[in-house]
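I have kept to what can be read from the coordinates.

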Amino acid sequence: MAPRDPKDGGGGAVDSEVDIEAPLISSSSSFFVDPAYEDGGEGEGDEEQRRRRRRSLLGGRSQSNTTSQVALVGAEVCPIESLDYELIENDVFKQDWRARGRGHILRYVALKWALCFLAGALAAAAGFVANLGVENVAGAKFVVTSNLMLEGKHGSAFAVFLASNFALTMLAAVLTVYVAPAAAGSGIPEVKAYLNGVDAPNIFSLKTLIVKVVGCIAAVSSSLHVGKAGPLVHTGACIASILGQGGSRKYHMTCKWLRYFKNDRDRRDLVTCGAAAGIAAAFRAPAGGVLFALETVSSWWRSALLWRAFFTTAMVAVVLRALIDFCKSGKCGLFGKGGLIMFDVTANYVTYHLVDLPPVITLGVLGGILGSLYNFFLDKVLRLYNLINEKGKTYKLLLAATVTVCTSCCLFGLPWIASCKTCPADTEEACPSIGRSGNFKKFQCAMNEYNDLASLFFNTNDDTIRNLYSAGTDDEFHISSILVFFVASYFLGIFSYGLALPSGLFVPVILTGAAYGRLVGMLIGSQSTLDHGLFAVLGSAALLGGSMRMTVSVCVVILELTNNLLMLPLVMLVLLISKVVADAFNANVYDLLVRLKGFPHLEGYAEPYMRQLSVSDIVTGPLQTFSGIEKVGHIVHVLKTTGHNGFPVVDEPPFSDTPALYGLILRDHLLVLLRKKDLICTCTTSTLNASKHFSHDEFAKRGSGKHDRIEDIELSAEELEMFVDLHPFTNTSPYTVLETMSSAKALILFRELGLRHLLVLPKSSKMEEGATWQVKSHQHILKFASN
């Protein structure tokens, strides 16, 4: 999406209309400028005359715009700001590029690939650690509980199960609430917002990364119905962002070579590769990871980025293979058939006929309905949770404690209503499964019997999915047990998400969909030749398509998970049907979360009626501008009383024959000039060479969520009366359009070019008497697009 900035645009009245409870459409403040204003007369070049002209330009009043749009970042409400993807072509930038030789360019390209390699390797390591931790922590919990059940100590088993789940949940919640609130949730909405141009504090910080990994292990191991795929996407993005920052100035740990990446454009590419690596690490699906980044989280793509993302996910696959081979020696504890190993569980040869199409179509239609209902209920629950979490940190912990206790009681109590089943005689697996994961949990049953419902509840999510996907297991689960498990998983997944801890939606939806597919297979499977395990795979695809509305990426991930290409036509059919059905009811779950959190969101299409509106119809004022030679005191006043990010620079007589737009200067660049205090005493053009007094590195973008403040710069009364020449630091080639352009076309420009500012110029070059400059946040254009 186009970058949006809460700190720009059309004055306080626009920016103050912020309600984090509502799905906000835009944050930012791109300028729409109409440079037609009242001409003050020839020869009027002194400071007072320019001030009068500017007051007329501003409509005779000075408005304060110190407010900023906010969004729910993780578990905490934070201010957000747009990213600058546009190249700032000022004199300093041009001189820096002229000074770069062939060696600099080769080093820049080599570093890009090196960082992609590191991002992939570290994301794979993080995914391995997460899976290793979940398999060992959750596995140990289930083994102890099962052993106590085997001894007939049912009360002790429940106490151990409840206490361990409570402790793990509280560990994840406390770390998130008190150390890194940005680590709450899946992190995919935050990553998607960043890749669409919105920055927020600490979303990619080191502490967020650490809490994300540790909290994810604790939360998933606590038997909450949450997944690790979303947190691993956020983890991969954190790793890529940290690598691209070039170290920390605060701790004097910086890398000179990485100065090339201190801009939002290159960081966006690295974060995209990191997000793709996260999915690849979660499911060992490198191609699926690339397609997920392309289809779901990114709105800007090019062929070079595709190659680097694919290279990054390929590194993930290679590193994971090496780590898994290491674990085959038995040095990884209970880690065995977890989520890093493909669910190679379906029949080796899948056959299907025309008679199988009606059940598959039914599966897709019902999956679309259930997926849209899932999103509807999740939206209501999250709004309720937001009201609770607003009351403070204690309430966040109490909410997490309440949900984990209820979940533990549900998981331990529901298997008691299931009847015991006799162990199948032809199975290769030990029945019942004692002291390890498996399809046959004894629970309260006698020897040579197993509890099929306990076999689903008392396993990790990965092992349960494996059990449901297994071929040749049509008689191992009773239809009532599958029905109970489906209903419980459906609602536990909804109530578990939204707590103040790292949690994902992808795996719970896959798990619930597998139970749904099994259930449909049992009900109408007699009309089909398909195996119940294959129905489970298609059910996962149907629910994913109905909830997340992803088609290509989900299709590839499912195929990479099951390692069976023969299912491709059926998976494609189910995904297409479920998506079409669900789109008739509501938006996909990630767009829903982005809007619910208050992140700006720009759709990729324009409404038909927007063709009837021109940009001149939606611009407004007042606008803050600077002269090419500006007084320091006025710059400080404007920076303190507004939250704008960019300011048009206008040359007026005697510096130009007629008032003319020179370009656009950014707030961050003004702060650098004021901090450096390279000032002039008179209102004349500076004779100093800016490229010798300033290096391009001084204007480099700081890390994500880090911004300078005008309040931190101290200036004396004498310095406030001095002037600064803005010409060498002004972007002389900002994007401009004519006032007759349709708002639909402007919307496409914002999205496709990743703009933060857009200048609107009059169709006629003649300055009209009495006209005024006008400015508008593109928030209003976005509102038109969303209505």
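1. Arg549 is buried, with a relative accessible area of 6%, whereas Asp583, at 40% relative accessibility, counts as partly exposed. The side chains of Asp583 and Arg549 meet in a salt bridge, with 3.1 Å from N to O. Because Asp583 lies in helix α20 (residues 568-583) and Arg549 in the loop between α18 (532-547) and α19 (552-562), the pair ties together parts that are 34 residues apart in sequence. Please bear in mind, here and in every point that follows, that this is a predicted model.

2. How many salt bridges does a search of the whole structure find? The search finds 14, and one of them is formed by the side chains of Lys112 and Asp266, at 3.6 Å from N to O. This pair links distant parts of the chain, since Lys112 sits in helix α4 (residues 102-150) and Asp266 in helix α9 (residues 264-283), 154 residues apart. Both Lys112 and Asp266 are buried.

3. Another salt bridge joins Glu151 to Lys153, with 3.5 Å between the closest N and O atoms. Glu151 counts as exposed, at 53% relative accessibility, while Lys153 is partly exposed, with a relative accessible area of 44%. Elsewhere, salt bridges that share partners join Glu81, Asp84 and Arg756 into one network.

4. The structure holds one disulfide, which is formed by Cys420 and Cys445, with their sulfur atoms 2.0 Å apart. The torsion about the S-S bond of Cys420 and Cys445 is about -90 degrees, and the disulfide is therefore left-handed. The pair links distant parts of the chain, 25 residues apart: Cys420 is in the loop between α13 (393-413) and β7 (421-422), and Cys445 is in the loop between β7 and β8 (449-450).

5. Some other cysteines deserve a comment. Cys406 is in no disulfide, and the nearest cysteine sulfur, that of Cys409, is 6.6 Å away; Cys406 is partly exposed, with a relative accessible area of 48%. Cys410 is partly exposed, with a relative accessible area of 22%.

6. The largest nonpolar core has 134 residues, and those with the most contacts inside it are Phe283, Leu468, Phe506, Leu538 and Met548. Leaving aside neighbours within four places in sequence, Phe506 is in contact with Ala229, Phe283, Phe292, Leu544, Met548, Met550, Val554 and Tyr590.

7. Ser481 has its place in helix α16 (residues 479-496) and is buried, with a relative accessible area of 4%. When residues up to four places away in sequence are not counted, Ser481 touches Ala418, Asp452 and Leu453.

8. Helix α26 (residues 743-753) has Ser743, Ala744, Ala746, Leu747, Phe750 and Arg751 buried. Seen down the axis of α26, the buried residues fall within an arc of 165 degrees, so they line one face of the helix. In general, an α-helix has 3.6 residues a turn, so residues three or four places apart point the same way. Just after α26, Gly754 takes a positive phi of about 65 degrees.

9. Finally, some totals for the chain. The secondary structure comes to 27 helices and 15 strands, and buried residues make up 59% of the 787 residues. Of the contacts with a separation of 6 or more, 81% are accounted for by residues 24 or more positions apart. The accessible surface of the chain comes to about 29500 Å², and 61% of this surface belongs to carbon and sulfur atoms.

Notes:
Residues are numbered from 1 along each chain as its sequence is written. This is a predicted model: local features need pLDDT of at least 70, side-chain atom pairs count only at pLDDT 80 or more; totals for chains, interfaces and linings use all residues. Side-chain values use heavy atoms; hydrogens and water are left out. A disulfide is a pair of cysteine sulfur atoms within 2.5 Å. Helices (H or I, at least four residues) and strands (E, at least two) are DSSP runs, numbered from the N terminus. Buried means under 20% relative accessible area, exposed over 50%, partly exposed in between (1.4 Å probe, protein chains only). A nonpolar core is a set of buried Ala, Val, Leu, Ile, Met, Phe, Trp, Tyr and Cys residues joined through side-chain atoms within 4.5 Å. Contact means heavy atoms within 4.5 Å. The arc is that of the directions from the helix axis to the C-beta atoms. A salt bridge is a side-chain nitrogen of Lys or Arg within 4 Å of a carboxyl oxygen of Asp or Glu. Accessible areas come from the Shrake-Rupley method with a 1.4 Å probe; for residues, only the protein chains shown count as cover.
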